[in-house]
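Thanks for coming, everyone. Please bring the structure up on your screens. I'll keep this short.

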Amino acid sequence: MTNLSELYLDQVNLSSLLPQSLSNLSSLTHLSLKDCNLQGEFPSTIFQLPTIQVIDLTRNGDLTGFLPEFHSSSNLKSLILYSTSFSGTLPSSIGNLKSLSILNLGFCNFVGNMPSSIGNLSQLTSLDVQFNNLTGQLPPTLGNLSQLTDLSLMYNKFSGKLPSTLGNLAKLIYLYLDTVGISGELPSTLGNLRQLEIIKLSNMVIRQRMSYLDNPTNWIKGDSNPKCVGGGLRTQ
């Protein structure tokens with residue numbers, strides 16, 4: 001099956017290890033194995049297949065693995081590891097994925113800092129790293145993601161302040177910052193996010209009055225009002 005280009009086995013209960021032979025599918029462009037009850041370690045070489053564009057492993061809770069070093073020649077456009085047991089750090093070479101538009105690493109076990117090279121992903125529209133154990137300060141290069149519409153950082157262990165460069169994300173619609181580990185002042189540049197519809201700030205410690213929330217025109221064009229959800233929001 002060396003000419004196989006697309007493999008979809010969503011919701012097929014495989015209940016087994018993924019065969020290493022998948023790494024030999026040199027023509028593979030799309031691999032979707034959602035809800036397959038996969039077990040064991042995912043072959044990292046699949047991420048490095050020369051033609052691979054889409055990998056979706058959603059909801060395989062017993063599937064482990066690590067992100068490899070990515071090559072600048074990668075054609076990956078969508079990488080979804082949502083609700084798996086992938087772990088380890090995010091390699092700085094993730095910035096080589098210049099064609100990537102969707103990166104969903106939510107509900108995994110990643111640790112360490114978010115690499116500044118994340119800002120190289122100029123085509124990225126959705127970035128989800130919720131419910132991991134990421135630490136350190138958020139890189140200011142997040143503000144380079146000019147196509148981003150959806151950013152979820154919630155339930156991590158970041159430190160420091162939100163970078164003011166988030167105000168550069170002119171296309172951002174959804175911003176989720178619940179229990180993100182950040183405190184201090186929110187950057188006033190968030191008032192530049194005129195397309196923003198939902199911002200979640202639950203369990204953050206905010207040390208100033210967010211006056212730019214008073215005027216909805218600071219947040220979104222038109223007649224609709226943005227939703228600010230902050231069930232555990234505290235101001236000091």
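I'll go from the overall fold to the sheet, then to one asparagine, the salt bridges, the core and the cysteines.

One caution before anything else. This is a predicted model. Please keep that in mind throughout.

Let's start with the whole chain. The protein has 19 strands and zero helices. There are 236 residues, and 47% of them count as buried. Now take the contacts with a separation of 6 or more. Of these, 52% are between residues 24 or more positions apart.

Next, the sheet. In what order do the six strands of the open sheet run? The order is S3-S5-S7-S9-S11-S13, and the pairing is parallel. The edges are S3, residues 40–41, and S13, residues 157–159. Each has a single partner strand, so one side of each is left without a neighbour in the sheet.

Let's walk across part of it. S3 and S5 run parallel and are joined by two bridges. In this pairing, Gly40 stands opposite Leu63 in S5. Move on to S7, residues 84–88. Three bridges join S5 to S7, again parallel. Here Gly65 has Phe86 in S7 as its bridge partner. Then comes S9, residues 109–113, joined to S7 by two bridges, also parallel. Gly88 stands opposite Phe110 in S9.

Now the asparagine. Find Asn60. This residue lies in strand S5, which covers residues 60–65. Is Asn60 buried or exposed? Asn60 is buried, because its relative accessible area is 0%. What does its side chain reach? The side chain of Asn60 comes to 3.1 Å from the backbone nitrogen of Cys36. Cys36 is itself buried, at 0% relative accessibility.

Look at what surrounds Asn60. Leave out residues up to four places away in sequence. Asn60 then touches Leu33, Lys34, Asp35, Cys36, Asn37 and Leu38, along with Ser83, Thr84 and Ser85. Two of those names, Lys34 and Asp35, come back in a moment.

On to charges. How many salt bridges does the model have? The count is three. Let's take them in turn.

Lys34 sits in the loop between strand S2 (30–32) and S3, and Asp10 in the loop between strand S1 (6–8) and S2, so the pair ties together parts that are 24 residues apart in sequence. Lys34 is partly exposed, with a relative accessible area of 27%. Asp10 is partly exposed too, at 30%.

Next is Asp35 with Arg59, whose closest N and O atoms are 3.0 Å apart. This pair links distant parts of the chain, 24 residues apart: Asp35 is in the loop between S2 and S3, and Arg59 is in the loop between strand S4 (54–56) and S5. Asp35 is partly exposed, at 26%. Arg59 is also partly exposed, at 45%.

The remaining pair is Asp178 with Lys200, again with the closest N and O atoms 3.8 Å apart. Asp178 lies in the loop between strand S14 (174–176) and strand S15 (183–184), and Lys200 in strand S16 (residues 198–200), so the pair ties together parts that are 22 residues apart in sequence. Asp178 is buried, with a relative accessible area of 5%. Lys200, by contrast, is partly exposed, at 24%.

Now the inside. The largest nonpolar core has 59 residues. Which residues have the most contacts inside it? They are Leu67, Leu81 and Leu127. Zoom in on Leu127. Neighbours within four places in sequence are left aside. Leu127 is then in contact with Leu103, Ile118, Leu142, Leu145, Leu148 and Leu151, and also with Asp150 and Ser152.

Last, the cysteines. How many disulfides are there? The count is zero.

To close, go back to Asn60. Asn60 is buried in the model, and its side chain reaches the backbone nitrogen of Cys36. That's my tour.

Definitions and conventions. Residues numbered from 1 in each chain as written. Predicted model: local features only at pLDDT ≥ 70, side-chain atom pairs only at ≥ 80, totals over all residues. Heavy atoms only, no water. Helix = DSSP H or I, 4+ residues; strand = E, 2+ residues; numbered from the N terminus. Buried < 20%, exposed > 50% of the residue type's maximum accessible area, 1.4 Å probe, protein only. Polar contact = N/O pair within 3.5 Å; in protein donor to acceptor, adjacent residues only side chain to side chain. Contact = heavy atoms within 4.5 Å. Pairing = 2+ DSSP bridges. Core = buried A, V, L, I, M, F, W, Y, C linked by side-chain atoms within 4.5 Å. Disulfide = S-S within 2.5 Å. Salt bridge = Lys/Arg side-chain N within 4 Å of Asp/Glu carboxyl O.
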